[in-house]
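My notes follow in the order I made them.

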Amino acid sequence: MSRSMSLAASLAATEARVLLRSVTLWAGVLVTVTLGTTWGWTQMPTWDTVGDNTGMASVVLAAILLAHGHLAGSRDHRH
C-alpha cells in the first residue's frame with residue numbers, strides 16, 4: 001500500500017513540475033488576467049462586476065487547461 005502511495009506521489013510531483021514549466025499554462029494565466037482587466041476597465045468596480053469578469057475569465061483559463069490536459073493525456077500516443 002505504501003509503495004503505491006509513493007508511486008502516486010512521485011507521479012503527481014512529476015506532472016505538477018511539467019505543468020508549471022508549461023508555456024501554455026502561463027499564456028492562459030496571462031490571457032485570463034488580461035481579459036478580466038479589460039472587461040472591467042470601463043466600469044466602476046463593484047463586487048458584482050468583479051464576480052462576473054472573474055467568472056468569464058476563469059472559463060477561458062479552464063478551456064486552456066482542458067486542452068493542455070488532453071495534450072498531456074495523449075503524450076504517449078504522440079511520441
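**Entry 1: the helix pair.** I started with helix H2 (residues 23–39) and H3, which pack at an angle of about 165° with their axes 8 Å apart. Helices here (H or I, at least four residues) and strands (E, at least two) are DSSP runs, numbered from the N terminus. Axes are lines fitted to C-alpha atoms, for helices over the stretch in contact, and angles run from 0 to 180 degrees between N-to-C directions. H2 and H3 are therefore roughly antiparallel to each other. The cut-offs are under 35 degrees for roughly parallel, over 145 for roughly antiparallel, 65 to 115 for roughly perpendicular, and oblique for the rest.

I then listed the contact, meaning heavy atoms within 4.5 Å. H2 contributes residues including Thr24, Leu25, Gly28, Leu35, Gly36 and Trp39. From H3 I noted, among them, Asn53, Ala57, Leu61, Ile64, Leu65 and His68. The crossing of H2 past H3 is right-handed. That label applies if the near helix is turned clockwise from the far one by less than a right angle, and left-handed if anticlockwise.

**Entry 2: ground rules.** The model is predicted: local features need pLDDT of at least 70, side-chain atom pairs count only at pLDDT 80 or more, and totals for chains, interfaces and linings use all residues. Residues are numbered from 1 along each chain as its sequence is written, and side-chain values use heavy atoms, with hydrogens and water left out.

**Entry 3: the whole protein.** I found four helices and zero strands. From the N terminus on, the elements read α-α-α-α. Of the 79 residues, 11% are buried. Buried means under 20% relative accessible area, exposed over 50%, and partly exposed in between (1.4 Å probe, protein chains only). The exposed surface comes to about 6,300 Å², and carbon and sulfur atoms supply 70% of it. Accessible areas come from the Shrake-Rupley method with a 1.4 Å probe, and for residues only the protein chains shown count as cover.

**Entry 4: H3 by itself.** How many residues does H3 have? H3 has 27 residues, and its first and last C-alpha atoms are 38 Å apart, close to the 39 Å expected at 1.5 Å a residue. The expected span is 1.5 Å times one less than the number of residues. The buried residues I noted in H3 are Thr49, Asn53, Ala57 and His68.

Entry 5: Asn53 sits in H3, which covers residues 47–73. Its relative accessibility is 10%, so Asn53 counts as buried. Beyond four places in sequence, Asn53 touches Gly36, Trp39 and Gly40. Thr49 is also in H3. Thr49 is buried because its relative accessible area is 18%. Leaving aside neighbours within four places in sequence, Thr49 contacts Gln43 and Met44.

**Entry 6: Thr24.** Thr24 and Leu65 are 41 residues apart in sequence, and their C-alpha atoms are 8.2 Å apart in space.

**Entry 7: two more C-alpha pairs.** Thr37 belongs to H2. At 39% relative accessible area, Thr37 is partly exposed. Thr37 and Val50 lie 13 residues apart in sequence and 9.3 Å apart in space, C-alpha to C-alpha. Ala72 belongs to H3. Ala72 is partly exposed at 24%. The C-alpha atoms of Ala72 and Glu15, 57 residues apart along the chain, are separated by 9.0 Å.
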